[in-house]
Amino acid sequence: MWRSGWRASGALRRLGGRSANLRAWRWGSTTACERALRFQVGEKIQGFTVGQVTSVPELCLTAVKLSHDGTGARYLHLAREDRNNLFSVQFRTTPVDSSGVPHVLEHTVLCGSRKYPCRDPFFKMLNRSLSTFMNAFTASDYTLYPFSTQNPKDFQNLLSVYLDAVFFPCLRELDFWQEGWRLEHEDPNDPQTPLVFKGVVFNEMKGAFADNERTFSQHLQSRLLPDHTYAVVSGGDPLCIPDLTWEQLRQFHATHYHPSNARFFTYGDFPLEQHLKQIHEEALSKFEKIEPRTAVPAQRPWPEPREFQITCARDSLAAGSSEQTTVSVSFLLPDITNTFEAFTLSLLSSLLISGPNSPFYKALVESGLGTDFSPDAGYNGCTREAYFSVGLQGIAEKDIQTVRDLVDRTLDDVILYLLEQGFEDDRIEALLHKVEIQMKHQSASFGLALASVFTCGVLNVETGVSRASQACEAPELTRSPRGNVQGAVTPLQHVASCWNHDGDPVECLKLGSQVARFRQCLEENPKFLQEKLKQYFKDNRHKLILSMKPDDQYAEKQAQVEAEKLKQKVDSLSPEDKQRIYEKGLELQTQQSRPQDASCLPALKVSDIEPRIPVTELDVVWRHISILKIVNDGHVVKMLKAQGASRPRGANAGAALRAAHQRPGLLPSAVQPDTLPEELRPYVPLFCAVLTKLGCGVLGYREQAQQVELKTGGMAPPPFLPDDSHLDTYEQVACLPGTARGGVCFSHLSASIENLPDMMHLWSEIFNNPRFEEEEHFRVLVRMAAQELSNGVPDAGHVYASVRAGRTWRRGDLQETFEGWIRRHPCAFAGNARRLSGQLARQADFPFLGCTCLTTGQHSHSCLHFTSFNRCSVNATPQQMSRAGTAVDTFVRSLGRSQKERKPLRPHVVEKPALGGSSPVMRRLVMGSGDPPVFPQEPTFTPCQVKTHFLLPFPVSYVAECVRTAPYSHPDHASLKVLARLMTAKFLHTEIREKGGAYGGGAKLSYGGMFTLYSYRDPRSTETLQSFVKAVDWARSGRFTQQDIDEAKLSVFSAVDSPVAPSDRGLDHFLYGLSDEMKQKHREQLFAVHREALVDVSTRYLGPGRSTHGLALLGPDNARTAKDPSWIVR
């Protein structure tokens, strides 16, 4: 055993036997890292033994590895100066069939435990804590239970609930019925109605496999690794889930959820000793060590390549109905516990497929044969042996062999190219720069990012199936950011899997040594990467060719197989069995409806919430047009000095400046398209999607992509509509965010500062000299965007439904245009890319929002020019602010040098201060007149009750209802916010998830006052709309207690007080005009919410006839909407 980093002084070593004094001395030091470095290898702490203490300076943390003396449980603690502390416990779970036993168990253990026997303590703790994240995940070979919080008392409460849940669950049969699967009458109260399959996991997985990408990914893993647990679906195949029994579930828990098979992880600045003491006393001390038989054996290599073809449902949203085939070529790679080999192959994968300069992008994506890379393209390190996959989706079936040949030929060409020249130095440097940025970016949930790397290829509440490329946020359950992006280089993403297979997780964290060794290998052996390519690709016989083609009868065949399975189950039942099923259904319904006593659960109090918000110091600097020479009425440069973004406590200057939040960053800037003609507004999302990818100035799109990776952390201008103080007022902006993240280590401090001018120069060239000559590349970008967004519908159906239902107000109409163009009608966006490009080319006066646009060789006039962009935000340390401000000033002066001033096309544009009236920042707002406001020249903004059913080939539905209520600045907004959480926790969760079987559902409130009720992966549709009506009636009747109100407030404040990344501090003021004074006022209004106010707002805003409602439904055919003329069926 060994320990790197700071050595203990002689005085400290002399404290050897005085553990109490040693602990007190530790906590007298200034930082979590320093305290952790004082642990000694071999030291005994609360039933654990310290095995290793390692400083990881590149991540500003100290890693402490321990093992539990009594059970052998493994423990990793990452000490870091971060208030957002995280815990997780991970079990290696290796199913041998596709019944979904680990997934159903993940759900069921959270339904009650020995110490906390109430129903669903997990969901109830969402409203009894200030957690910043709570969830559970099932991967292909492990199950993970993480949470995070900033409150020490809350951490102990949640830890107690989690420990009892996983080690001492009740595992009641009725909970298994509810969460897993059951036979139940369509109407549980009527035994004459037919028996059907029900269950949360059953419906979740039906929704998951409605996504063809997931179907392909699952088959790829199962076919490439067929010898053990990867051959089955850990989340459960919907046709196999009904084979799982309650007894099998209990047995799986007994063999897999034991401390000897557990790995514990904690992160943050809370004392490690307290964590160890609680874990030992409440759980581990009650077990003895066993030898778990859960190891995954190595996959036997194949002597020859294999080929398989599968079918899927036809995607009605895909581009080109006849081109929906997918094909990929995949190679088995070495064991992921070889940390450096895994790191090297991950980098090599990115060099092969990432960005327009990569060989496979050129050979496949730009070939015009398909729309995008095949699912899970790139390096996948989430299984014991990693694998690499590359191919195309959206191709014609006849082109399968062509794509296969292209893959083989490209590998040969790359090997030959490396032999002659090698990869360009700039590409390798850009890749390593990207790695450093991704690993060191100071996000709001840095610990969760480390833990979510522990969820590579996970199955969480929303994603449902093994999928390395995406770990999505669960609706109204997970308080978390979205996960990995396909093709991104994230070496840390393999930490959990490596640890799961007995690798060293600390080695995965030591990014600096990995990069240094990689550079050394390249210097010592010029053929280093060429040899890897030849070894693992050219000469690798463990090669899988997988193709997937659409079957018009796929859904019908799946339904038929399910019907046969159901018939088989029902036919095997005796009359006594059927009577028992009926009685159990009634019992379950009674349990779901019975009020629950949750008094056994720990809880914070409203008095535990901080009464005041932390202050963010902002400087607002005005620059006059005479100085900037901007053709506009005025220009505001808003400089946000994030004084709170100080270096980590206790770290030296170098360590402080290595933290990603110390780099200068350009936060979103705003341009106002009030000069944009009405007919061009639908093209804003497309314009934003391609603007930074087409080239600019003297740079072609390949050269531009290289500069973006070398000089920035990414550049993208998504359209953005900030909520304002009135629902009929909106500010149209396109946000242009980018971050100069040159080097973030101390040795690269000057490079980091110098990269900001480079980034600003890129933005200046993009705005002033965009290049639209590459029409073929433009078509490629359109195809890729269309494919990606089409594939995303099954995962985000509730979002699409909510956007559509939000058309009841004027900003909602614009929001659907800007943010929901393809959500509203994906086929219109994702249709034939060549036809779309042709239309753009034939439109002689198409302006692309005011940039000089070359589509047919002619210069187009500017409808929206970037001189109308009226403010920007810079977030940097005080020491960096001067240089950052200079770079931004130079950028602003460069805008629109050759453009003519244009008058707005909207006569109803006015200027007014940001929300609250005290801000010096003026906002240009599109206004109406009258009460309600009328837009005489904007007929498309007429409010009306819209009910829309989008017919989609899914076995489940996504339902949303939107109601106009009070915006953030209105006193009623606080009551409505608490009401949304109250309705979710106390009514909608029971009605939609527990009784209805949907995976999720709830209510939420936007800044602008849009009150939304929704469901997710819902086996019902119009019945859920009736549940929404019942929820409103429940709220209006006031059938809730003061305890319910206090719990709703806790849940609201957990979101209000969620961590803010240093680079995002002050962003609410910039985007929404929300000052600290306004936030504090709103905070006090939240504290003051009472029962009468909740009943009042539910009656005045949500009651019948009070406000305009919008309804939207995404899903299969429905007889009720088809017969009801008030519904628009599309």
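## Helices α14 and α20

In this predicted model, helix α14 (residues 400-420) and helix α20 (residues 528-538) have axes that come within 9 Å of each other and cross at roughly 160°. Angles over 145 degrees count as roughly antiparallel, so that's what α14 and α20 are to each other. The crossing is left-handed.

Who does the touching? On the α14 side, the contact is made by Leu411, Asp412, Val414, Ile415, Leu418 and Leu419. On the α20 side, look for Leu529, Gln530, Leu533, Lys534, Phe537 and Lys538. Sorted by class, that gives eight nonpolar residues, one polar and three charged.

## Helix α36

Helix α36 covers residues 1022-1037, and its length checks out: at 1.5 Å a residue, its 16 residues should span 22 Å, and the end C-alpha atoms are 23 Å apart, which agrees.

Which residues of α36 are buried? They are Thr1022, Thr1024, Leu1025, Ser1027, Phe1028, Ala1031, Val1032, Trp1034 and Ala1035. Their cover includes the strands β27 (957-964), β29 (1010-1018) and β30 (1109-1115), along with the helices α35 (972-995), α40 (1091-1102) and α41 (1119-1123).

## Glycine 72

Glycine 72 sits in the loop between β3 (61-68) and β4 (74-79).

Now find leucine 284 in the structure: it lies 212 residues from glycine 72 in sequence, yet the two are 9.6 Å apart in space, C-alpha to C-alpha.

Note on methods
Residues are numbered from 1 along each chain as its sequence is written. This is a predicted model: local features need pLDDT of at least 70, side-chain atom pairs count only at pLDDT 80 or more; totals for chains, interfaces and linings use all residues. Side-chain values use heavy atoms; hydrogens and water are left out. Helices (H or I, at least four residues) and strands (E, at least two) are DSSP runs, numbered from the N terminus. The expected span of a helix is 1.5 Å times one less than its number of residues. Buried means under 20% relative accessible area, exposed over 50%, partly exposed in between (1.4 Å probe, protein chains only). Contact means heavy atoms within 4.5 Å. Axes are lines fitted to C-alpha atoms, for helices over the stretch in contact, and angles run from 0 to 180 degrees between N-to-C directions. Angles under 35 degrees count as roughly parallel, over 145 as roughly antiparallel, 65 to 115 as roughly perpendicular and the rest as oblique. A crossing is left-handed if the near helix is turned anticlockwise from the far one by less than a right angle, and right-handed if clockwise. Ala, Val, Leu, Ile, Met, Phe, Trp, Tyr, Cys and Pro count as nonpolar, Asp, Glu, Lys and Arg as charged, and the others, Gly among them, as polar.
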